Amino acid sequence: MAVQRGRTGLRALLNWRRVLDRLRAVLRNGITTFIVLTVTLWLMPGVRATDVLDTMGLVVLVAVVGAVLRPLLLAGVTALGGWGAMLLGVLAQVIVMVVALELDPSKRLSGWPTVGFAALLAVVCAAIFDWMMDSGTEDTFLAESKRLMRGIRRRQARQDGGPLLDLRRPRPGTEPGLLVVQLDGVSEPVLRWAVRAGNLPTIGRWLRTGTHTMRGWHTGLPSTTPAAQAGILHGASRQIPAFRWFEKDTGRLMVSNRPRDAAVIEQRLSDGRGLLHEGGVSIGNAFSGDAAINLLTVSHAALPGRSARGWAAFMASPFGFTRALVLGVGEVITELHQARLQRRRNLEPRVSRSGAFLALRPASMLLRDVNVSLIAEQMARGAPVVYCDLVDYDEVAHHAGPARPESMRQLESLDRMLGVLERLGREAARAYRIVVLSDHGQSQGATFRQRYGETLEEAVARFSAPDQTDAPSVPAEEEATKEPDFPHPPIAPVLVVSSGNLALIYLTRHAGRLGRDRIDAIYPQLVDGLAGHPGVGLVVVREDDGPVAYGPAGSHRLVDGTVEGQDPLLPYGPRARTDLLRHQQAAHVGDLVVISAVDPVTDEVAAFEELVGSHGGLGGWQTEAMVVHPAEWPVTQGDLAGPDALHRQLAEWLAVLGLRTVEPRREMPVASLPKDRDGAAARLSHSRDG
């Protein structure tokens with residue numbers, strides 16, 4: 001048997017296709033190294049000229065040093081994990097080049113500063129040249145990921161009693177698995193338009209060949225990532241009233257992408273049976289879904305450790321972290337150029353694209369590549385279900401606009417990554433089916449301050465004088481960079497907390513949620529002043545017979561649908577009443593809920609934050625999310641109204657695949673739902689926290 005295995009392995013090793021692939025790879029690496037070294041030595045001042053043979057000898061030396069050192073460096077990166085892996089990953093390629101240059105017999109470079117600078121220059125040139133050789137594709141990254149997956153599967157086979165040395169490629173797995181990829185912030189209309197334009201070849205091929213189908217789903221209010229993932233992963237979206245909110249009982253401002261707060265929030269969400277609780281993996285999400293393995297999940301606030309080989313392999317590879325850093329500098333230059341074009345063309349609406357966003361854009365690209373490497377590792381290990389959030393499009397669309405060319409290029413790059421994941425399926429330990437979904441869309445528009453010359457906080461201050469208002473000073477999704485001060489700083493009497501074009505207003509000196517009578521007694525001009533502001537479309541406040549939405553020329557009683565004057569809900573579509581009613585039942589909702597006006601012609605909103613593309617409230621495409629799933633899978637949850645409904649649908653698909661035990665559906669008692677004017681229960685999405 002051992003002899004037979006050895007012959008089979010030898011035949012696999014000498015397979016002509018594999019030999020040809022190896023020769024191609026060696027030739028490409030040799031040419032790349034030769035060009036990079038030639039350019040590097042030419043750029044170095046005072047370097048003695050030598051002939052081509054000397055440079056070719058140095059190429060061979062680099063290859064030998066790399067073959068010896070890279071396995072050792074990978075072992076070191078794996079052992080360090082976390083931040084240590086990142087640091088050593090940056091230095092790994094430089095170390096290989098430094099050693100090779102020090103051993104160079106021709107001694108063209110001498111002294112550690114000179115050799116170190118030359119090595120760094122060579123690594124940068126190599127990353128740029130490799131990217132040019134790939135014509136901007138992900139082929140090299142794909143090849144590295146495949147090698148990672150084969151190594152993991154062979155290692156697992158040895159642990160399961162397989163041969164010590166097996167040169168055959170592992171066969172694709174046959175047991176079913178599910179990979180869910182969340183494209184953060186991509187609305188269904190934007191995705192459909194991009195497919196029709198032919199700009200998304202991977203998703204377009206799935207849809208045109210009939211393997212997948214696409215449909216929209218309605219996010220409801222709030223249209224934010226944390227609320228969506230609380231519903232999709234835990235079935236408990238009603239625990240989150242906005243991206244950030246104030247809790248009167250503790251005096252604490254909660255920010256859902258701040259790790260300390262996210263951990264507290266997840267304790268409220270989790271019942272131990274989230275979407276990923278049966279051996280699933282959460283990668284790059286806000287919450288875990290009760291996953292067995294959490295990687296870069298905000299609520300767990302830790303970098304991948306020693307057991308995450310995908311993290312180590314990405315950091316140590318010349319086509320991983322080093323390449324991403326170099327290309328990230330290119331992203332910053334690209335961003336500066338695109339922002340300048342917007343200014344020169346006087347493109348409106350627009351916002352400043354400097355400051356923290358210059359770091360966020362390359363960081364999101366780096367995070368995307370890391371996430372794909374982590375997904376590849378988990379597919380090789382045979383995780384039954386993997387859920388990953390890719391944020392590239394959302395970050396760019398906030399500052400450029402959801403349908404602008406810069407944002408569409410990010411969407412195209414995400415489509416390429418879906419193609420990479422599809423091709424990696426051939427190396428996986430399971431037969432993975434892919435579901436692509438979004439958590440919300442985005443709506444475009446000039447900001448509230450740009451339109452009306454004042455912020456919402458300043459408007460509230462006018463209507464609540466003499467008490468001053470307060471509000472967080474940065475957009476909600478950038479709040480995570482600012483950890484809260486302990487003890488908490490003093491809170492203003494009137495606190496405005498914005499998330500896109502949704503704002504929650506709290507009267508912080510008064511316990512509990514206040515009704516219209518008490519608010520009018522304290523601040524007589526506040527409700528009417530806000531409702532009459534041209535930038536405000538809705539002000540929702542509790543009254544004796546339930547919540548009422550006030551607009552500039554009328555009101556709408558949400559419980560029974562009674563309208564006085566002009567219905568303020570009309571610009572927000574037919575689902576607005578249901579969305580607002582459900583939002584009023586959320587935990588820690590503000591004393592007042594304010595939503596900006598919507599342009600009836602363009603569907604543009606006026607974000608209360610300085611973002612040209614925003615989400616969080618109602619109006620435009622921000623509540624129109626999408627899901628792309630295998631065409632033969634039935635949709636049993638109606639029109640998928642709300643993230644809790646999408647949670648139930650995904651759980652049913654997992655049960656069909658045999659990856660989740662079937663649970664009885666937990667319905668909210670109809671008697672607890674508010675009635676509409678015809679006496680029927682208002683249509684709210686059911687969830688366990690009802």
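Trainee: Leaving aside neighbours within four places in sequence, which residues is L411 in contact with?
Mentor: This is a predicted model, so local features need pLDDT of at least 70 and side-chain atom pairs pLDDT 80 or more, while totals for chains, interfaces and linings use all residues. Residues count from 1 along each chain as its sequence is written, and side-chain values use heavy atoms, without hydrogens or water. Contact here means heavy atoms within 4.5 Å. On that basis, L411 meets L183, V186, V190, L191, A194, L200 and Y393.

Trainee: How many residues has the largest nonpolar core?
Mentor: Such a core is a set of buried Ala, Val, Leu, Ile, Met, Phe, Trp, Tyr and Cys residues joined through side-chain atoms within 4.5 Å. Buried means under 20% relative accessible area, exposed over 50%, partly exposed in between (1.4 Å probe, protein chains only). L179, L183, L191 and L411 have the most contacts inside the largest core, and its residue count is 49.

Trainee: Does D392 count as buried or exposed, and why?
Mentor: D392 sits in helix 14 (residues 392-400); helices are DSSP runs of H or I, at least four residues, and strands runs of E, at least two, numbered from the N terminus. D392 also touches S364, M365, R368, Q410 and L414, not counting residues up to four places away in sequence. Because its relative accessibility is 0%, D392 counts as buried.
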